[in-house]
Amino acid sequence: MENKKTKKDQTDRLEEMKKLIEQSKDMTSIQPLLFPLEELGDEDISFDSNIFSDIADPDKSHRLFFTMRRMLIDNLPRGKENKALRQQIYDQKNLFLNRGKALDKNGIRHSSGQMTYISTFLEPAFNVTADWVKSGGGPMDIFMAFYDLNKANGFSLDL
């Protein structure tokens, strides 16, 4: 009995979809063009094929991102009294990884540094962090390293 009901529901949905599609055809045929075709000039439709040189690799991204995160956690000063200091460094790192996408007025970035381009952002950030750990640098060194990367790319945080 339930099978008949499901079949009827599916048939009803399909019929409704057909009606909606027919209505949309009627509506699109009467809508005027927003931009008459003769007003469209030669558009630049070039395509940058270089984007294919940085293919996503979720495993590599995960490894780089979380290893870098661990290095920062292990080598930055701990404790509540140093939270603001750590946050300033994380803000610079996140700004770089998110290609200049800063936090909005609600504190939301609308971007994820974990899935950024590997060769242009994630690997350089990882290398900066690894070099900082190897050199035994302090908090100001890693802050300035990310600050300089951000400034060089045109997305610097106001200090």
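These legends describe close-up views of one predicted model. In this predicted model, local features need pLDDT of at least 70 and side-chain atom pairs count only at pLDDT 80 or more, while totals for chains, interfaces and linings use all residues. Residues are numbered from 1 along each chain as its sequence is written, and side-chain values use heavy atoms, with hydrogens and water left out.

**View 1. A nonpolar surface patch formed by Met17, Leu20 and Ile21.** Together these residues have about 260 Å² of accessible area (Shrake-Rupley method, 1.4 Å probe; for residues, only the protein chains shown count as cover). Patch members have over 30% relative accessible area and no salt bridge; nonpolar side chains (Val, Leu, Ile, Met, Phe, Trp, Tyr) are joined within 5 Å, like charges within 9 Å. Ile21 sits in helix 1, residues 2-30. Helices (H or I, at least four residues) and strands (E, at least two) are DSSP runs, numbered from the N terminus. The relative accessible area of Ile21 is 40%, so Ile21 is partly exposed. Buried means under 20% relative accessible area, exposed over 50%, and partly exposed in between (1.4 Å probe, protein chains only).

**View 2. The Glu15–Lys18 salt bridge.** A salt bridge is a side-chain nitrogen of Lys or Arg within 4 Å of a carboxyl oxygen of Asp or Glu. A search of the whole structure finds four. Here the closest N and O atoms are 3.8 Å apart. Both residues belong to helix 1, with a spacing of three residues, about one turn of the helix. Glu15 is partly exposed at 40% relative accessibility. Lys18 is exposed at 52%.

**View 3. The salt bridge between Glu123 and Lys60.** The closest N and O atoms lie 2.7 Å apart. Glu123 is in helix 4 (residues 118-135) and Lys60 in helix 2 (residues 58-75), so this pair ties together parts that are 63 residues apart in sequence. Both ends are partly exposed: Glu123 has a relative accessible area of 24%, and Lys60 has 27%. Side chains of opposite charge can pair when their charged atoms come close.

**View 4. A salt-bridge network of Arg70, Asp74 and Arg78.** Asp74 counts as partly exposed, with 38% relative accessibility. Arg78 counts as exposed, with 56%. Arg70 is also linked into the network.
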